[in-house]
Amino acid sequence: PAVVDISHSMISRAALSLPCRHIQRRIPIATPKSLNVSTRLLATQATHPSPKKKKGQRPKQPFVKERFEPGEWDLERTDPIDRPTFKSKAKVLSREEFLNRPRVGFGTEFASLHDAGTVLSWLPRNKWDEIFDAYLELMEGMRKETNGVTSHEYAMMVLSKKFHIRKTFVSAVVELCHREERLKETEGEDALFNDVQEKMDREFQDHIDAAYAQNDETPPDQFTDSPRTPMNPLETSPTFVAADELHDLSDMMAKAARRERDEAQLLLDNKVYNEDVDDNTRYVRIDQHCSKMMKIQQEHQTMATRDKEMKPLPAPVGDRAPKHRKKFKFAAKIIDTRKEKELRKIKGKYMRKKKIRASDNMLIEEDGVLRAATVHEANCVSWKAPRDNQEFIMKGVKAAWIERLKGKKDGWGRAKVTDSKND
C-alpha cells in the first residue's frame with residue numbers, strides 16, 4: 001500500500017474520539033472548492049504512475065537526455081529533487097511514525113538506529129573514483145554530441161540519479177577528485193596518502209557493522225542519506241480547522257499528494273539548466289538610465305584628460321612608447337528610487353524578489369572607460385546575488401572545464417601519475 005506523508009495535515013490522536021476531526025493544515029477543507037488547493041505534502045511517498053510526455057515533445061536544451069522524477073523537497077521548497085527518495089537495506093521508522101512517537105522526557109534515548117530514523121553509511125574511496133570516472137565520461141560525451149554546449153548542473157543531477165546520492169554530495173566528490181588530480185601533477189601520487197584513506201575506510205566500515213550488529217539490524221549496502229524525519233517549523237501551522245465527517249480524509253490526502261507530485265514533475269520537465277559559460281564574457285542587465293550615463297561619459301571623455309590623470313607615465317622600454325598606467329577599477333550600483341517605490345506597492349514578497357535582481361544596473365569604470373559589469377565582477381561586490389551552494393562547491397572543476405572548452409588541454413580530468421619529489 002502507498003505510504004502518504006501527512007506532516008501538514010496530522011490528525012490529533014485525541015481528536016479521533018470526537019464527533020469531528022481536527023486537522024492541522026493551512027487551508028480550510030470545509031468546502032469542495034478548497035480541495036483544488038495544493039497542500040504541502042511530500043510528493044515523494046505517494047506511489048502512482050508519472051505523467052507521460054506528449055508525442056513530439058523535445059527538451060529545450062540539446063544535452064538533456066534524462067527525465068528525472070521528484071524526490072524530497074528542500075526546506076525552502078524550491079527544489080523538488082533536493083535529495084533522492086530514501087532507499088536502503090537499513091530499515092527506519094517512517095516519517096509519520098517518527099513524528100507521532102510518544103514524548104517521554106529530555107533524558108529519553110532511542111533504543112536503536114531504527115527508532116531514531118538514522119542511517120550510518122560511509123562513502124569509500126573506490127566509490128569516489130567510480131563517480132569521478134562517470135563524470136569524465138559524461139562531460140566528454142556531452143561535449144561531442146552538442147558541439148561544446150554542456151551543463152555541470154545537469155551532469156550532477158544525472159550522477160545523483162545514477163548513484164542515488166544527493167546532488168551537493170556528488171558535486172563535492174567531483175570537486176575533491178579534481179583537486180587531487182591537480183595535486184598529483186605537482187606533488188606526485190604520494191602526496192595523497194592513499195594508505196591512510198584505505199585505513200579510514202576499513203575503520204569506519206567496521207564501526208558501522210558493529211553498530212548495526214549490536215541491535216541485530218541490517219547495515220546499508222551503499223552510501224545513503226538519512227531520511228529527513230524532523231519536521232520543519234515552516235511546514236506546520238499552530239491553528240486547527242474542523243473537518244466535517246462528510247469528507248473522506250484519506251482520499252483528500254491521496255489527491256493532494258498526486259497533485260503535488262504532478263506539479264513537481266512539471267517543474268522538472270520544464271527546468272532550464274545553467275550552461276557552462278565563462279562569467280567574464282557575460283554582462284549584467286542594465287536599463288535605459290545606465291545606457292544614457294555610459295553614452296554621456298563617452299562624449300565627455302578625451303585622451304587629454306586621460307593623459308593628465310595618469311601622469312607620471314612609466315619610463316619607455318627601448319623604442320616603444322610608454323603605456324598608460326592602469327587605474328583602479330570602480331563599481332557602482334545604479335538604483336532607480338521611483339521604480340523601487342512602485343515595486344514596494346506590489347503585494348506579495350515573492351513578486352518583489354522576482355522583479356528585483358541584485359546584479360542588475362551595475363557599472364564598472366576601468367581605465368577611464370565606463371561599461372556594464374560582467375557576471376564575475378558582480379559576484380565580487382557586497383551587493384551580489386545570493387550564492388548558489390552547488391555552483392560554489394564545484395566552481396573549481398567547472399572553471400577548469402570551461403578552460404578546456406577554450407582549447408586548454410591540461411588542468412582537467414585524470415592527471416598523469418608522476419614520481420614524488422622526495423624520490
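User: Is F63 buried or exposed?
Analyst: F63 has a relative accessible area of 3%, where buried means under 20%, exposed over 50% and partly exposed in between (1.4 Å probe, protein chains only). The model is predicted, so local features need pLDDT of at least 70 and side-chain atom pairs pLDDT 80 or more, while totals for chains, interfaces and linings use all residues. Residues are numbered from 1 along each chain as its sequence is written, and side-chain values use heavy atoms, without hydrogens and water. With its 3%, F63 is therefore buried.

User: What kind of pair do the rings of F63 and Y154 form?
Analyst: Rings of Phe, Tyr and Trp (its six-membered ring) pair if their centres lie within 6.5 Å, with planes under 30 degrees apart counting as stacked, over 60 as edge-to-face and the rest as tilted. The centres of F63 and Y154 are 5.6 Å apart and their planes stand at 50 degrees, so the pair is tilted.

User: How many residues apart in sequence are the parts that this pair ties together?
Analyst: F63 lies in the loop between β1 and α1, whereas Y154 belongs to helix α4; helices (H or I, at least four residues) and strands (E, at least two) are DSSP runs, numbered from the N terminus. The pair therefore ties together parts whose separation in sequence, in residues, is 91.

User: What kind of pair do W122 and F204 form?
Analyst: W122, at 26% relative accessibility, counts as partly exposed, and F204, at 32%, is also partly exposed. Their ring centres are 3.9 Å apart and their planes at 0 degrees, so the pair is stacked.
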